[in-house]
Amino acid sequence: MAFRDVFKFNKGKTTFVFIGGKGGVGKTTISAATALWFSRHGKKTLVISTDPAHSLSDSYERNIGHNPTPIAENLEALEIDPEIAMQDYQVKMKEQQAINPGMDMGMMQDQMDMASMSPGIDEAAAFDKFLQYMTTDEYDIVIFDTAPTGHTLRLLSFPEMMDSWVGKMITVRRQIGSMAKAFKNIMPFMGDEEEEDKALEDMEDTKKRIKEARGIMADPMRTSFKTVVIPEEMSIYESERAMEALHKFNMYTDGVIVNQIQPEEADCEFCAARRKIQQQRLKTIQQKFGEQVIAEIPLQKHEVKGMDRLTEIGDILYGNHSEEVKALPMN
């Protein structure tokens with residue numbers, strides 16, 4: 001199976017792809033190249049960086065912001081800015097306070113504290129973006145350039161935490177609503193009944209969207225995880241542990257990209273020694289991940305940045321224009 005064939009498309013529905021792995025293995029390069037390749041082949045594509053140490057801008061050599069930035073035909077990119085995400089969250093909290101002036105400010109502060117706890121605001125913002133684009137089906141494919149493994153696993157655990165948190169907030173809101181109705185005549189500051197109902201309705205809607213997100217993230221026809229490794233023991237074993245954790249989150253892993261492979265034609269003594277070690281590591285990768293589709297990218301002579309270099313990497317992974325891949329089918 002060609003590596004491009006592990007990407008599944010459903011007509012009218014967005015495909016979500018998480019690209020992850022240990023820090024320093026080339027996740028951003030692979031994400032940027034993958035997004036560019038699919039956009040060149042007719043898919044409306046969005047690539048989102050969830051890593052606070054953003055480098056999508058460096059890869060594309062473009063200034064990329066917190067909102068979708070046009071990169072090329074059919075391609076947009078965004079880098080989640082934790083500071084802007086926190087500001088957006090504060091605005092939401094103030095709006096909630098305005099809807100219900102009688103809400104305990106201590107509870108509001110608890111919400112703010114939650115925003116700064118693990119998983120951090122970067123993971124919270126990433127999940128918010130997932131919710132945002134999950135429901136619109138505006139794009140054919142959304143690619144998440146993830147942070148190093150630990151951050152990514154916290155992101156993927158976020159639906160469970162959010163579901164629990166919103167459920168508790170709904171319970172509190174209902175209690176406050178009951179109090180407001182019981183004491184409305186003598187406690188007018190408890191707020192308007194219609195506003196109370198709107199606030200509860202908003203949270204119920206959020207809980208529904210979280211449930212929908214959990215379903216899509218566990219649907220192999222909609223969401224998958226591609227792992228980037230380099231032929232070194234630490235990268236291989238960390239990726240193996242990450243995949244075990246991903247399966248516990250019902251995440252579907254179907255592809256492994258082995259990056260930075262020493263070319264065979266290298267003729268220096270050091271290069272030959274490196275290649276010999278890497279060949280052993282490649283056997284380990286095949287043993288551990290052989291049930292998945294494995295792709296290989298040789299170590300490049302030059303730094304991979306800019307549209308031309310990223311196009312080259314995309315063609316190595318997925319095929320070039322000379323092949324019959326111009327129009328990728330919808331399932």
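In what order do the eight strands form the open sheet? I started my notebook with that one, keeping in mind that this is a predicted model.

Entry 1: I traced the strands and got the order 3-4-2-5-1-6-7-8, with mixed pairing. Strand 3 and strand 8 are the edge strands; each has a single partner strand, so one side of each lacks a neighbour in the sheet. From one strand to the next, I noted an average twist of 25 degrees.

**Entry 2: one pair up close.** I picked strand 2, residues 45-49, and strand 5. These two run parallel and are joined by five bridges. Looking for the partner of Ser49, I found Asp145 in strand 5.

**Entry 3: helices on the sheet.** Next I turned to helix 8, residues 233-248, which packs on the sheet and touches strand 6 (223-229) and strand 7 (253-261). The direction of helix 8 makes about 165 degrees with that of strand 6. Then came helix 9, residues 269-289, which lies across strand 6, strand 7 and strand 8. Against strand 7, helix 9 runs at about 180 degrees.

**Entry 4: the largest nonpolar core.** Which of its 35 residues touch the most other members? My list reads Phe3, Phe7, Ile30, Val47, Tyr60 and Leu317. I then checked which elements supply at least two residues each, and among them are strand 1 (15-20), helix 2 (56-60), strand 4 (75-79), strand 5 (141-145), strand 8 (293-298) and helix 10 (307-318). Helix 1 (27-40) is on that list too, and it gives the most to this core, with seven residues.

Leaving out residues up to four places away in sequence, Ile30 touches Ile19, Val228, Ile257, Ile297, Ile313 and Leu317. I also came across a second, separate core of 23 residues, which includes Ile48, Ala125, Ala126 and Met134.

Entry 5: Most residues other than glycine have a negative phi, so I went looking for exceptions. Glu61 is one of them, with a positive phi of about 55 degrees although it is not a glycine. I located Glu61 in the loop between helix 2 and strand 3 (69-72).

Asn74 also has a positive phi, near 70 degrees. I placed Asn74 in the loop between strand 3 and strand 4.

Note on methods: Residues numbered from 1 in each chain as written. Predicted model: local features only at pLDDT ≥ 70, side-chain atom pairs only at ≥ 80, totals over all residues. Heavy atoms only, no water. Core = buried A, V, L, I, M, F, W, Y, C linked by side-chain atoms within 4.5 Å. Buried < 20%, exposed > 50% of the residue type's maximum accessible area, 1.4 Å probe, protein only. Helix = DSSP H or I, 4+ residues; strand = E, 2+ residues; numbered from the N terminus. Contact = heavy atoms within 4.5 Å. Pairing = 2+ DSSP bridges. Axes fitted to C-alpha atoms, helices over the stretch in contact; angles between N-to-C directions.
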